[in-house]
Protein chains: 2
Amino acid sequence: MISKNMKELVDKSAAISALFTEGPRLRKLLGDENVFDFGIGNPNVKAPISVNETAIELLENMDSLTLHSYTDGAGIPSVRQAIAESLNRRFGEEYTGKNIVMTTGAAGGLNVILKVLLDQGDEVLTFAPYFSEYDVYVANAGGRLISIAPNIPSFLPDANKLEEAISSKTKAIIINNPNNPTGVVYDEETLKKVAEVLNKKGKEFGTTIYLISDEPYRELVFDGVTVPYIPKIYGNTIVAYSFSKSLSLPGDRIGYLTIPSTVEDFEDVVYGTGVANRVLGFVNAPALQQLVVARCCDEKSDIAFYDKNREILYNALISYGFECAKPQGAFYLFVKALEEDDVAFVNKAKEYGILMTPGRGFGCKGYVRIAYCVARAVIERALPSFEKLAKAYKK
Amino acid sequence: MISKNMKELVDKSAAISALFTEGPRLRKLLGDENVFDFGIGNPNVKAPISVNETAIELLENMDSLTLHSYTDGAGIPSVRQAIAESLNRRFGEEYTGKNIVMTTGAAGGLNVILKVLLDQGDEVLTFAPYFSEYDVYVANAGGRLISIAPNIPSFLPDANKLEEAISSKTKAIIINNPNNPTGVVYDEETLKKVAEVLNKKGKEFGTTIYLISDEPYRELVFDGVTVPYIPKIYGNTIVAYSFSKSLSLPGDRIGYLTIPSTVEDFEDVVYGTGVANRVLGFVNAPALQQLVVARCCDEKSDIAFYDKNREILYNALISYGFECAKPQGAFYLFVKALEEDDVAFVNKAKEYGILMTPGRGFGCKGYVRIAYCVARAVIERALPSFEKLAKAYKK
């Protein structure tokens, strides 16, 4: 009696969940010490101390009625202004609070902006491999997600394939940079080519193609890499940001949309996002969390921890004979499976206590995602198992 | 370039917003002391002290990584269990944590349960006057809201009209008890008649009609009135609850769904709500707030404050000749306009510094909503203006 659409999602989700309930089953079978769970992208570094300190300070000293009140649908004006000023310092922009809309994480932000932009039947493009929730987010707003085949082995966007995929119905493209699941950072050169294609095809079809840049991993980059600031490359860009990773606050559900004044129909888009926050049932991003991130938005969690995890695991896997584009961002490795069927490979790995996610869930068969945001000891103890897994395929 | 659907919502919303930006305009014109804003249902009573104390205790003592982690889509198991036990104490139920799904306020909860239940084109019924957001919530999930004409002057559900409105496409009915905008509490007798009709018509059409009871105002009742616990009257009831009013935490976005085991397709509905939380972009109800309400769910804000406001305002308005069903819940009066056109009446009231909301926004023309959740002094100072307004129509 639940809806057909939800029944499908439930069945699909049960299959995904089964991957994770494997943890307890394996632990029983192999012992706690011999199970290595690389399945979930849950930060394993504490929030900066100032986060809790700021929250306590607000709870102790701010007028309680104001602190717990509804906020504007678009967020608390002083919070929007503080975020704008932080972005101005970092990227040399000239934003005001009007360019910022506070959202219930990036997931909330993406649903909000898609609701604002999409008419029934509109198409949204994305480059595979991609975060699998984009499918339902786009469908929630009446649109259809079309994924562009992966560009192996670099996993960078392929401008030629993009050009072929754009139609008169293309309303937007979602880019995730740094990328989940590959950890690859899209460079400026590549993004400029993407922008050229969007401009060219937009002119050809007489349409405007919005670029939605999903950037929860912006601060998680290594090797001194810079993540290009896409609004400078393509004016019609809206950025969805989250503090889930940069401040390790995934449970708090707090993020924002940046809507530069260069975005087409700027006034309506900004006003629409506030309305969408309300009508989608978010109402407002959690008020306490808005006030906290306004004061802590220039800080970040201990990125060095993830960097070290990456170095240890990447170097070891390569030495065992695995193939993998060296990730420079996020906290994932996207590794080529040692047999064609990624699900079979994931199942084989379980025999060695290793839990990973099949690439097909991200629109890219034949690969697996390893989330290395785990305790250091888990990585160190897992290495011999990875080595044995590789050897099992060499026989 | 924003979507047609959103453009409509933006235009409609701008009209509503205009009502509220009237405040500053009027204050400039008439002076701060002479403007009385009864437009918005924002609690004006502080959260119980234990709320902030509990939040501080968690921030100081709980492991920071756990505190800020993603939670299960359906909520933290111990929180779900604590809420279940509280309901068992209050209503003699035998719930476990499995019957409770934590949501981003009742607005989040309603969107989640509608997403779970509705197929494209399904119909959802509600009794006018009703909270106007139900229209978009139902539309978000692909359904169509059909309102049943108001039952004047009692504003109680009319079972005969309900019977006429049910079709083979009726998937659910939304009931808001105590009611926004009337403040009327639906009694047990009336709800039993509603249940009878739902059972009868369900049999006739071979369908199951879910009853969704939206109860953010459950604790805000006066005169010793009891709000019937609808799952006892109709087994196929899902309750959407929020702590926005009972604990004065509207900005915190925290509430829950109660899904009794008697609900048809119970397992799928519960599992589906967790999935819906995720795919709609809520991901999980804010983690800190989940933990806070688990410990504070048996408390409530100072209801006596609203009761006194109600007494003063209701008695005065009746003495000036206004007509109004005496509200026994929520913090609204739903008053008959003194001319046919409720919008014209609202505009006339502005000349006296009084801001109210036209009834047509709630599917009931000819009435206005007065939100009396304001400072006592505002009510006391407003009385002479209400009296002058009444007199202006007697000339």
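**Conventions.** I kept to the rules for this predicted model: local features need pLDDT of at least 70, side-chain atom pairs count only at pLDDT 80 or more, and totals for chains, interfaces and linings use all residues. Residues are numbered from 1 along each chain as its sequence is written, chains are lettered from A and ligands numbered from 1 in the order in which they are written, and side-chain values use heavy atoms, with hydrogens and water left out.

**Interface.** I looked up contacts (heavy atoms within 4.5 Å) and found 30 residues of domain 1 of chain A touching 34 of domain 2 of chain A. The buried area (accessible area, 1.4 Å probe, lost on putting two parts together, summed over both) is about 2,400 Å², with 63% from carbon and sulfur atoms. A47(A), Q328(A) and F362(A) supply 24% of what domain 1 of chain A buries against domain 2 of chain A, more than any other three residues.

**Salt bridge.** I searched the interface for salt bridges (side-chain nitrogen of Lys or Arg within 4 Å of a carboxyl oxygen of Asp or Glu) and got one. I also noted a salt bridge between the side chains of D223(A) and R310(A), at 2.7 Å, N to O.
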